[in-house]
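Me: I would like to go through this model with you. Could you take my questions as they come?

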Amino acid sequence: MAVSTVVMRALPSPGIAVSPASSSSSSSSTLSCSRVRSSSSKSRLLQVRAATAVEDGESEGSESGSAATIHGRCFVVGDNIDTDQIIPAEYLTLVPSKPEEYQKLGSYAMIGLPAKWGRFIEEGKSKTEYKVVIGGANFGCGSSREHAPVALGAAGVRAVVAESYARIFFRNSVATGELYPVESQGRICDENKTGDYVTVDLELGTLVNHTTGKQYALKPIGEAGPVIDAGGIFAYARKTGMIPAAA
């Protein structure tokens, strides 16, 4: 059995509804590695992401915070934000394992959103000023494109906090290690505004809005956390000895 299949089957499912008729037949295929890149491609993506972070001057203790604590401004959207809004199909020819194309992919993140949500990335810039995206129900629905969480990560997003997720977006977020897909205990997208300063604490399971002074409970990210901390499935598998370390 492939390493990615073993790792993904150990992870919790996001809070989404699955019809009884489809749950048993779709679970194994949903968690399979068929939509995950090869180990070598994942390694290249990790190297590109690390190099990009160094170029941008990001490190623990910066505005974005450590892995367990993410601090910065938030971008707020509503329900059913689909992958075509996150990264339209015309940009899927970009190869994230190439540094220049990884950065370019990030510059197009959320470009398909309706105008009512505002601009995610300022014109002429390749990075967003928002470290956290707050959404409603069924975030990441639509096609299974792995580019969706990669584009958000390349743009500088560290976490998405949503009421619920489309299963494949949640899985792709964990598989790539690009960002933390965290579920809120209730609907919080109606109580936060784009531009608010927030802190997401993964260990405490809280989101604090420093602009309003309100605090919200988050569901534990559980066993997905260490996989994302490591940088994705293959990095986690190497770290835990499931596959040999890269030479």
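**Core, sheet and aromatic pairs**

Me: Which residues does Leu207 touch, leaving out those up to four places away in sequence?
Reply: Leu207 touches Ile134, Val161, Ile188, Asn192, Val198, Thr199, Val200, Lys214, Gln215, Tyr216 and Leu218. A contact here means heavy atoms within 4.5 Å.

Me: Where do these structural values come from?
Reply: This is a predicted model, in which local features need pLDDT of at least 70, side-chain atom pairs count only at pLDDT 80 or more, and totals for chains, interfaces and linings use all residues. Residues are numbered from 1 along each chain as its sequence is written, and side-chain values use heavy atoms, with hydrogens and water left out.

Me: What is the mean pLDDT of the chain?
Reply: The mean is 82, and 72% of the residues reach 70 or more; pLDDT is the predictor's confidence in each residue, from 0 to 100. Over residues 16-39 the pLDDT is below 50, and that stretch has 34 contacts in the model beyond near neighbours in sequence. Residues 57-63 also stay under 50, with eight contacts beyond four places in sequence.

Me: Back to the core. Which members of the largest nonpolar core touch the most others?
Reply: Among its 52 residues, these are Phe120, Phe139, Leu152, Val160 and Leu207. Helix 6 supplies the largest share of this core, six residues. A nonpolar core is a set of buried Ala, Val, Leu, Ile, Met, Phe, Trp, Tyr and Cys residues joined through side-chain atoms within 4.5 Å. Buried means under 20% relative accessible area, exposed over 50% and partly exposed in between, with a 1.4 Å probe and protein chains only.

Me: How many residues of helix 6 are buried?
Reply: Nine of the nine residues in helix 6 (147-155) are buried, including His147, Pro149 and Gly153. Just after the helix, Gly156 takes a positive phi of about 115°. Helices (H or I, at least four residues) and strands (E, at least two) are DSSP runs, numbered from the N terminus.

Me: What unit does helix 6 make with strand 2 and strand 3?
Reply: Together they make a right-handed β-α-β unit. Right-handed means that, with the strands pointing away from the viewer, the path from the first strand over the helix to the second runs clockwise.

Me: How many bridges join strand 2 to strand 3?
Reply: Four bridges join them, and the two strands run parallel; Val132 has Ala159 in strand 3 as its bridge partner. Strand 1 and strand 2 also pair in the parallel sense over four bridges, with Val76 opposite Ile134. Two strands pair if DSSP finds at least two bridges between them.

Me: Why is strand 2 described as largely enclosed by the rest of the structure?
Reply: Six of its six residues are buried, so the strand is largely enclosed.

Me: Changing topic, how many aromatic pairs are there?
Reply: There are eight, where rings of Phe, Tyr and Trp (its six-membered ring) pair if their centres lie within 6.5 Å, planes under 30 degrees apart counting as stacked, over 60 as edge-to-face and the rest as tilted. The ring centres of Phe75 and Phe120 are 5.0 Å apart and their planes at 75°, so that pair is edge-to-face.

Me: What about Phe75 and Tyr130?
Reply: Their ring centres are 5.2 Å apart and the planes at 55°, so the pair is tilted. This pair links strand 1 to strand 2 across 55 residues. Phe75 is buried at 0% relative accessibility, and Tyr130 is buried with 6%.
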